[in-house]
Amino acid sequence: MDEYPAPADSPRTPAGEFPADVDAALESVLREQRLLPLPLALMSRILGEILPLERVRPLTLLSRVAAAAAVFLAAWFAFAGNAPALADVAPSAKVAAALPSSLGPDGRAGDALAAADALTTTSVSAGAWVLLGSGLLLLLAGLALTIWFHQPAPGAARGERT
Amino acid sequence: MLWLASADTEGLLQLLLAVVLGAIACIGLGAAALVVRAILPGAAASADASLLRLSTWRLFLSGILPLVGAALLARGVDLVGNDVVSGIYLLIVVLPLTLAWIAGLLAGLPYLGSKALRHGSEASPLARAALGGLVAGLAMVSWVLPPLGLVLTLLLTGWFLGIGLGALIHRRPRTEEQV
């Protein structure tokens with residue numbers, strides 16, 4: 001962690017290390033100022049336990065909060081976003097009923113219905129693509145994290161639990 | 001005892017039968033894990049190493065993310081409605097994850113059993129594995145409260161999957177004895 005240059009005005013111990021309680025103090029200040037809501041603080045604590053973000057100690061808290069927000073956003077997008085709405089589009093009969101009767105002769109109405117069908121098909125495909133994309137993203141993220149977790153940490157004792 | 005007499009006897013018998021069969025199935029799952037451990041000692045050793053190497057939170061994370069991802073993919077594949085895509089999904093996603101889950105069971109069930117026993121590390125492998133299966137099965141009773149059951153199932157399945165994925169991804173270097 002010494003390879004990250006410290007700002008000139010940052011608190012440093014005589015040994016050249018960041019004090020261990022800088023992050024805790026910053027978190028405490030943010031919590032006292034009610035700048036860090038409790039659920040986010042809990043998430044940042046959990047993610048801090050999971051991810052070895054202490055390698056970027058000056059940014060640890062910021063990194064945790066950003067990671068927690070990213071996880072929340074991804075979960076919201078995956079489960080409560082627009083994907084179900086896109087998949088649950090109105091059938092073409094409803095689209096046809098909603099069309100104004102002044103479209104003209106039957107040929108033009110048929111064209112409009114075909115266009116509505118095409119729009120419906122596109123929406124279903126969009127919903128499926130959103131689900132496929134987010135699912136693939138989560139799957140690959142999990143596998144990448146697994147590979148990362150099982151990389152031997154430099155200097156770690158053999159068999160030590162990480 | 002009046003309520004018992006007035007209850008539907010046939011329903012009670014069916015419930016009792018389901019409980020007994022479920023318990024036998026859970027114990028059988030533990031025994032099956034023990035059989036696979038005996039047949040594939042290398043896979044069992046990799047799963048044990050994976051369980052011991054990572055902290056619980058990391059096991060959860062590396063298991064739950066692929067699990068949720070696979071569930072979302074399943075919904076997407078269902079929306080696509082193409083048999084070829086479904087076949088590819090089963091072959092590329094479901095099959096490897098199922099194998100990883102089974103690999104996780106090899107280490108996870110005996111570990112659960114050893115934690116449930118007072119002197120778990122001294123118990124026989126069969127007792128640990130069978131009790132682990134029973135404990136995991138009993139945990140599913142939490143589905144009487146669906147949110148709790150969902151969370152517990154997600155944690156338990158993700159934990160097994162995390163162990164198994166670690167075992168499949170991080171292969172132990174072969175020792176001279178194995179060579």
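Guide: A residue is called buried under 20% relative accessible area, exposed over 50%, and partly exposed in between, with a 1.4 Å probe and protein chains only. B:R37 counts as partly exposed because its relative accessibility is 21%. This is a predicted model, in which local features need pLDDT of at least 70 and side-chain atom pairs count only at pLDDT 80 or more, while totals for chains, interfaces and linings use all residues. Residues are numbered from 1 along each chain as its sequence is written, chains are lettered from A and ligands numbered from 1 in the order in which they are written, and side-chain values use heavy atoms, with hydrogens and water left out.

The side chain of B:R37 meets that of B:D48 in a salt bridge, at 2.7 Å from N to O; the term denotes a side-chain nitrogen of Lys or Arg within 4 Å of a carboxyl oxygen of Asp or Glu. The pair joins distant parts of the chain, eleven residues apart: B:R37 belongs to helix α2 (residues 9-39) of chain B and B:D48 to helix α3 of chain B. Helices here are DSSP runs (H or I, at least four residues), as strands are (E, at least two), numbered from the N terminus. B:D48 also counts as partly exposed, because its relative accessibility is 25%. Over all chains, a search of the whole structure finds one salt bridge.

Helix α3 (residues 41-53) of chain B also crosses α7(B): their axes come within 8 Å, at roughly 115°. Axes are lines fitted to C-alpha atoms, for helices over the stretch in contact, and angles run from 0 to 180 degrees between N-to-C directions. The crossing of α3(B) and α7(B) is right-handed; a crossing is left-handed if the near helix is turned anticlockwise from the far one by less than a right angle, and right-handed if clockwise. On the α3(B) side, B:S46, B:A47, B:S50 and B:L51 meet B:W159, B:G162, B:I163, B:G166 and B:A167 of α7(B), where contact means heavy atoms within 4.5 Å.

Chain A has six helices and zero strands, and its elements run α-α-α-α-α-α from the N terminus on. Of its 162 residues, 24% are buried. Among contacts in chain A with a separation of 6 or more, 56% come from residues 24 or more positions apart.
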